[in-house]
Amino acid sequence: MATPRIVILGAGFAGLELSTLLSEALGDRVQVTLIDQSDAFVFGFSKLDVMFGRTTLDAVRLPYRHFAKPGVRLLRESVRAIDPHSRRVTTDAGTHDCDHLVVALGADYDIAATPGLADANEFYTVDGANRLRDVLPGFSKGHAVVGVCGAPYKCPPAPSECVLMLHTHLTELGIRTESTITLTSPLPSPVPPAPLASEAILTAFAERDIRFIPGVRIAALDGAAGVVSLDSGDELPYDLFLGVPKHHAPQVVLDSGMAENGYIPVDSYTLASRYPDVYAVGDVATVGVPKAGVFSEGAATVVARSIIARLTGGEGPAPYDGVGFCYLEFGDDLVGRVRVDFLSGPKPTGTLDGPSAAYAAEKAEWGASRRARWFGL
Ligand SMILES: Cc1cc2nc3c(=O)[nH]c(=O)nc-3n(C[C@H](O)[C@H](O)[C@H](O)COP(=O)(O)OP(=O)(O)OC[C@H]3O[C@@H](n4cnc5c(N)ncnc54)[C@H](O)[C@@H]3O)c2cc1C
């Protein structure tokens with residue numbers, strides 16, 4: 001019998017965990033091809049550490065050359081076309097046909113969709129966060145605005161973490177009283193499915209004199225005038241703007257015809273797309289859970305178990321439960337742990353533990369365990 005071929009597009013949280021699980025279960029009995037255009041993986045949360053100068057980009061880049069798993073070849077290629085009907089993928093280096101295709105290309109940013117954003121700062125790309133390392137020391141007083149340009153966006157608590165860390169940063173420099181900090185969000189609260197976490201964050205904002213404006217999007221920025229326009233029609237003055245760009249699936253996914261409303265629709269419990277033997281997992285899909293690494297990884301586990309069951313004749317996995325832990329920076333090196341459950345009950349629920357130094361250590365351990373598991377570092 002021919003060796004089953006599995007092609008996984010994207011070596012982020014989803015692609016790395018999925019190919020690791022397939023390798024552990026099946027080794028050389030399958031041919032897994034993992035494709036990514038980048039030469040290194042960077043955890044989303046590392047971007048906050050880089051921008052606030054808590055670490056360097058070099059220290060948090062995890063080069064793909066360290067990812068070595070039996071049965072898996074990782075190719076550095078750029079995906080140019082996906083045909084979900086024939087399960088054929090075209091890259092800048094050639095074509096790949098397969099028996100099982102998993103699209104795990106994440107969400108991309110549309111910076112041009114918000115007029116003026118290209119001339120301001122954003123902290124969601126690796127380059128944007130790295131640039132801010134040099135920009136932030138130049139801010140000594142005035143209005144700092146952290147603004148979200150659209151929803152859904154990755155890691156819903158990240159903008160709240162950003163303002164709390166900015167408060168700590170300015171306080172440590174002794175210039176916090178010279179500035180105001182405002183966060184605008186399209187969401188009604190910092191973490192909508194976890195009211196206790198939202199309450200704790202809003203209390204932390206009030207204690208630190210951080211203004212929170214919910215339910216609005218950034219419509220445009222006028223850098224010369226130093227004015228942010230909100231979609232409510234209101235305007236805010238700014239001297240420093242830290243933005244979260246609008247998101248959508250990568251252009252190659254939109255061009256493939258697989259997407260609806262910007263992302264690939266899937267069965268939330270199996271991650272199966274509407275094409276036979278084609279899955280979409282992680283931020284690239286509409287799953288009914290937030291766009292966050294912890295959920296991409298959890299959903300990838302279900303896809304791995306499905307494929308393993310198909311190939312070995314075993315029993316299929318339990319449905320994806322949409323449960324995940326997110327670690328939330330409160331500033332001052334304190335971290336809270338939010339547990340959210342999106343799919344197992346009639347509506348999402350969430351709880352908060354901490355914030356504390358113990359959860360800061362647990363978050364560090366969470367990152368270190370993935371670094372070791374995927375990269376052997
Ligand atoms: C500031 C910030 C903080 C965050 N904090 C957290 C956190 O604390 N916890 C958490 O769980 N999540 C966090 N996230 C979110 C997390 O980073 C993402 O949700 C997660 O990376 C999604 O995983 P994924 O595998 O779906 O996609 P990704 O990790 O984005 O992987 C997609 C991969 O596809 C590749 N790719 C894209 N297009 C192509 C192409 N055409 N050809 C080839 N390769 C391509 C990319 O290079 C990328 O490696 C944060 C994000 C940000 C920005």
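Student: Where is Pro-355 found?
Tutor: In strand E25, which covers residues 349–356. Keep in mind that we're looking at a predicted model.

Student: What kind of peptide bond joins Gly-354 and Pro-355?
Tutor: A cis one, with omega at about 10 degrees. Most peptide bonds are trans. Ala-151 and Pro-152 are also joined by a cis peptide bond, and there omega is about 0 degrees. Pro-152 sits in the loop between strand E12 (142–148) and helix H5 (158–172).

Student: What is noted about the phi of Arg-87?
Tutor: The phi of Arg-87 is positive, about 55 degrees, although Arg-87 is not a glycine. You'll find Arg-87 in the loop between strand E6 (79–83) and strand E7 (88–91).

Student: Now the sheets. What is the order of the sheet that holds E1 and E2?
Tutor: The order is E5-E2-E1-E9-E21, an open sheet of five strands with parallel pairing.

Student: Why are E5 and E21 said to stand at the edges?
Tutor: Count their partners. Strand E5 (72–76) and strand E21 (278–280) each have a single partner strand, so one side of each is left without a neighbour in the sheet. On average, neighbouring strands of this sheet are turned by 15 degrees against each other, ignoring direction.

Student: How do you know that E1 and E2 count as a pair?
Tutor: The cut-off is at least two bridges between the strands. Strand E1 (residues 5–9) and strand E2 (residues 31–36) are joined by five bridges, so they pass, and they run parallel. For an example, look at Ile-8, which stands opposite Leu-34 in E2.

Student: Which helix packs on that sheet, touching E1 and E2?
Tutor: Helix H1 (residues 13–26), which also touches E5 and strand E9 (100–103). The direction of H1 makes about 165 degrees with that of E2.

Student: What makes E13 and E14 a pair?
Tutor: Apply the cut-off of at least two bridges. Strand E13 (residues 179–184) and E14 share four bridges in the parallel sense, so they qualify. In one of them, Leu-183 has Phe-212 in E14 as its partner.

Student: Which domains does the assignment give?
Tutor: Domain 1 (5–107 + 249–312) and domain 2 (111–247). Their centres, taken over C-alpha atoms, are 30 Å apart. The contact takes 14 residues from domain 1 and 17 residues from domain 2. On the domain 1 side, H2 gives the most, with five residues. By class, that side has nine nonpolar, two polar and three charged residues.

Student: Which residues come nearest to the ligand?
Tutor: Gly-10, Gly-12, Gly-44, Gly-106 and Gly-282, out of 34 residues around the ligand. The shell draws at least three residues from each of domain 1 and domain 2. Helix H2 (44–51) is one of the elements that supply at least two residues, and H2 gives the most, with four.

Student: Last one: how do you know that the chain agrees with a compact globule?
Tutor: Compare two values. A compact globule of 377 residues would have a radius of gyration near 21 Å, and the chain has 21 Å, so the two agree. Along the principal axes, the C-alpha atoms fill a box of roughly 70 × 40 × 40 Å. The chain holds nine helices and 25 strands.

Technical notes. Residues are numbered from 1 along each chain as its sequence is written. This is a predicted model: local features need pLDDT of at least 70, side-chain atom pairs count only at pLDDT 80 or more; totals for chains, interfaces and linings use all residues. Axes are lines fitted to C-alpha atoms, for helices over the stretch in contact, and angles run from 0 to 180 degrees between N-to-C directions. Two residues are in contact if their C-beta atoms, placed from the backbone, lie within 7 Å. A residue is near a molecule or strand if its C-beta atom, placed from the backbone, lies within 6 Å of it. Domain bounds come from an automatic or database domain assignment. Ala, Val, Leu, Ile, Met, Phe, Trp, Tyr, Cys and Pro count as nonpolar, Asp, Glu, Lys and Arg as charged, and the others, Gly among them, as polar. The radius of gyration is taken over C-alpha atoms; the globule rule is 2.2 Å times the number of residues to the power 0.38.
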